[in-house]
Amino acid sequence: MPPLFLILPILFAGAIFSTIAGGGLGILLTLAATFFIDIRTSIILVSLLGFIIQLAKLAHFHTYVRWDMVSWYLLAGIPASFSGAFLLFILPERVLEVSLAALCLVYVVMHMFHLMPRLKPTRTTLMTVGAMNGAVGGILGHGALLRLPALLSFGLTKEQFVGTSAFLAFFMNAGKASVYVWRFPWSEEAVILFLAAIPTVFIGTWCGRLLLRYVSEDHFEKLLLCVIVFGAIRLLFFP
């Protein structure tokens, strides 16, 4: 584990950039952490931090959760997330690096060209996408890219989308975290890093909201996507 002062400023900057750009915090933080710690530890660290971020969203948007959707999504999603988490510790690190890099590039392409697959708003869609989201999220720590088209197919309002997505993310995270916490290298330094990262990310997010009034959201989104591409290229060619 490298000195904390090397990791925390990267997490702080990542929180600012992703807040201004409107998303991508989890992917950006994971990529940033891989510069200093191995990919498995990076995925686990950011996933555990995700609980704090999701609870903050639920505190504001819990009344908008679409309860008629979440049960079908989680029915297949939680078991898949649990199973995917075991694969994180079985698959070679190189496979994880290439897979995360590919996920990052797909994320960038979808945002640049506004690509969004059209899905039918059915229970089958919720269960199928929930299972895929859980498996990918368990292995790589991030599955929101798969969740997005499924939720949008039901014509949710912005508030319903944020509340429902945060609720789903929290419980999908719980599935994989039940495996992560037992396999995570809980050294004293790792505990300090995790605890210090929580206020770092929150303060960075708060600063990003303040700066949002004075900077171009579009420019920052493009800069964020460039940083993600840079991180993906590093994982692919300079692991």
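Biologist: In what order do the elements of the protein chain run from the N terminus on?

Modeller: They go α-α-α-α-α-α-α-α-α-α. This is a predicted model, by the way. The chain has ten helices and zero strands.

Biologist: What makes you say the chain agrees with a compact globule?

Modeller: The radius of gyration does. For 239 residues a compact globule would have one near 18 Å, and the protein chain has 17 Å, so the two agree. Along the principal axes, the C-alpha trace spans about 50 × 45 × 35 Å. As for burial, 47% of the 239 residues count as buried.

Biologist: What share of the contacts with a separation of 6 or more comes from residues 24 or more positions apart?

Modeller: That share is 85%.

Biologist: Let's take a single residue. Why is M116 called partly exposed?

Modeller: M116 has 33% relative accessibility. Buried means under 20% and exposed means over 50%, with partly exposed in between, so M116 at 33% counts as partly exposed.

Biologist: Where does M116 lie, and what does M116 touch?

Modeller: M116 is in the loop between helix 5 (93–112) and helix 6 (123–140). Not counting residues up to four places away in sequence, M116 touches M110, L148, P149 and L152. As for I198, 82 residues apart from M116 along the chain, the two C-alpha atoms are separated by 32 Å.

Biologist: Now the nonpolar surface patch. Which residues make it?

Modeller: V181, W182, W186, V191 and L195, giving about 540 Å². Helix 8 (158–183) and helix 9 (188–211) each supply at least two of the patch residues.

Biologist: What is R234 in contact with, and in which helix is its place?

Modeller: Its place is in helix 10 (residues 217–237). Leaving aside neighbours within four places in sequence, R234 is in contact with T34, F35 and P239.

Methods: Residues are numbered from 1 along each chain as its sequence is written. This is a predicted model: local features need pLDDT of at least 70, side-chain atom pairs count only at pLDDT 80 or more; totals for chains, interfaces and linings use all residues. Side-chain values use heavy atoms; hydrogens and water are left out. Helices (H or I, at least four residues) and strands (E, at least two) are DSSP runs, numbered from the N terminus. Contact means heavy atoms within 4.5 Å. Patches are made of residues with over 30% relative accessible area and no salt bridge: like charges are joined within 9 Å, nonpolar side chains (Val, Leu, Ile, Met, Phe, Trp, Tyr) within 5 Å. Accessible areas come from the Shrake-Rupley method with a 1.4 Å probe; for residues, only the protein chains shown count as cover. A salt bridge is a side-chain nitrogen of Lys or Arg within 4 Å of a carboxyl oxygen of Asp or Glu. The radius of gyration is taken over C-alpha atoms; the globule rule is 2.2 Å times the number of residues to the power 0.38. Buried means under 20% relative accessible area, exposed over 50%, partly exposed in between (1.4 Å probe, protein chains only).
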